[in-house]
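Reader: I'm new to this one. Could you take me through the aromatic rings and how they pair up?

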Amino acid sequence: MATPDLRAAYRALVAKQAPYTALWAYYEGDHPLVYASSKVRDLFSGRLTRFSVNWCAVVVDALLDRLTLKGFEGQDVDELNDFFTDEAVSIDADEAHRSAAVTGEGFVIVEQRDDGTVELFENDSRLCHIVYAADNPRRKAWAAKWWGGEDERRYLTLYYPDRFEHYVSAGKAKAVQTVDAFVPAQVPVEANESGVIPVFCFRRSRKRILGELHSIIDLQNAVNKLFADMMVSAEFAAFRQRWVLSNADLSDLLTNPNETWVIPKSDKEMEPTQIGSFDPTDLANFTGALDNLASKIAIISRTPKQYLLQAGDISGEALLAMEAPLVKKAASYQQSFGATWREIAVYVSALQGKVLDPRAIAPVWADE
């Protein structure tokens, strides 16, 4: 019989899979083509090549450029900074920050190896979950992580301050449909001698999980639809198309460049030959609408407009003013993420036998 915490962990981890995978797809440029009308969708779905302008990545990467962790400053941090350098923690930090910006959550797990050395690694936010105490939203009640093993079974660990509970699926991971598929592992319980849950979460807000893409996905869909419409128009209606009304045989007429048309004149008793052309579609109508959407994305995400638009020559003072909202947003992220990094630093140092005062150290961010 699965415990209540195991059931809660299973529900939470399953619930993350689809929405987080979709957010990663948007960041990586794999966007679905969304139609405004179901009739148009049914008509064109599967017939058109997908086009996308990936502004989701621009919004996220503009923020990440200002969230580069260099190390720590303060009392007795030399050994800690050596650990961060030796273990290439900056790489894991970048990935955790990226995950938090994309999905709203980034996770780092710290473990002590059998030889006593410490290991820190970033984890996919689809694989981890933390539950906080009801009476204190800053205190972790327990955490969970699951993953697929080399034996094709799914493993799940629950982390508590005093113990780790290990579970494994009875069958293959792809066959897991309910929490009842999990049974205690060969070593079901492991003591947690540190008294600390070694799963650390990076979040923008304690109240809700909110990444940088949640508020701009609808606009990104509109951008892709307009861009696809522009490409179709460029394919079929951006060039001048000519028409001919004549009773003569026009099968030999060609529309190649520099081709001269020789059209026989009509007989007197027939309708006179007429030649005309259709006006080409003005693609500026699309580019203007795309620029308007880019401006909206910039305002909502607080990303400088010159990152999304061709702004021309801009003075230094204007650039500073345009980047001020992004700088302020990045500072807010640094404050939130910095608290988690201080918590990690204290825990890593404790595993190495050194006591650090979290109030005496501070993360150092690269000045981009």
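Author: Let's start with the term itself: rings of Phe, Tyr and Trp (its six-membered ring) pair if their centres lie within 6.5 Å, and planes under 30 degrees apart count as stacked, over 60 as edge-to-face and the rest as tilted. By that rule, the structure holds 12 aromatic pairs. Keep in mind that this is a predicted model, where local features need pLDDT of at least 70 and side-chain atom pairs count only at pLDDT 80 or more, while totals for chains, interfaces and linings use all residues. Residues are numbered from 1 along each chain as its sequence is written, and side-chain values use heavy atoms, with hydrogens and water left out.

Take Phe 202 and Trp 341: their ring centres are 5.0 Å apart and the planes sit at 50°, so this pair is tilted. Phe 202 belongs to strand β9 (residues 199–203) and Trp 341 to helix α8 (residues 316–351), so the pair ties together parts 139 residues apart in sequence. (Helices, H or I with at least four residues, and strands, E with at least two, are DSSP runs numbered from the N terminus.) Both Phe 202 and Trp 341 are buried, meaning under 20% relative accessible area, with exposed being over 50% and partly exposed in between (1.4 Å probe, protein chains only).

Now look at Tyr 333 and Phe 337, with centres 5.4 Å apart and planes at 80°, so they're edge-to-face. Both lie in helix α8, 4 residues apart, or about one turn of the helix. Tyr 333 is buried at 3% relative accessible area, and Phe 337 is buried at 0%.
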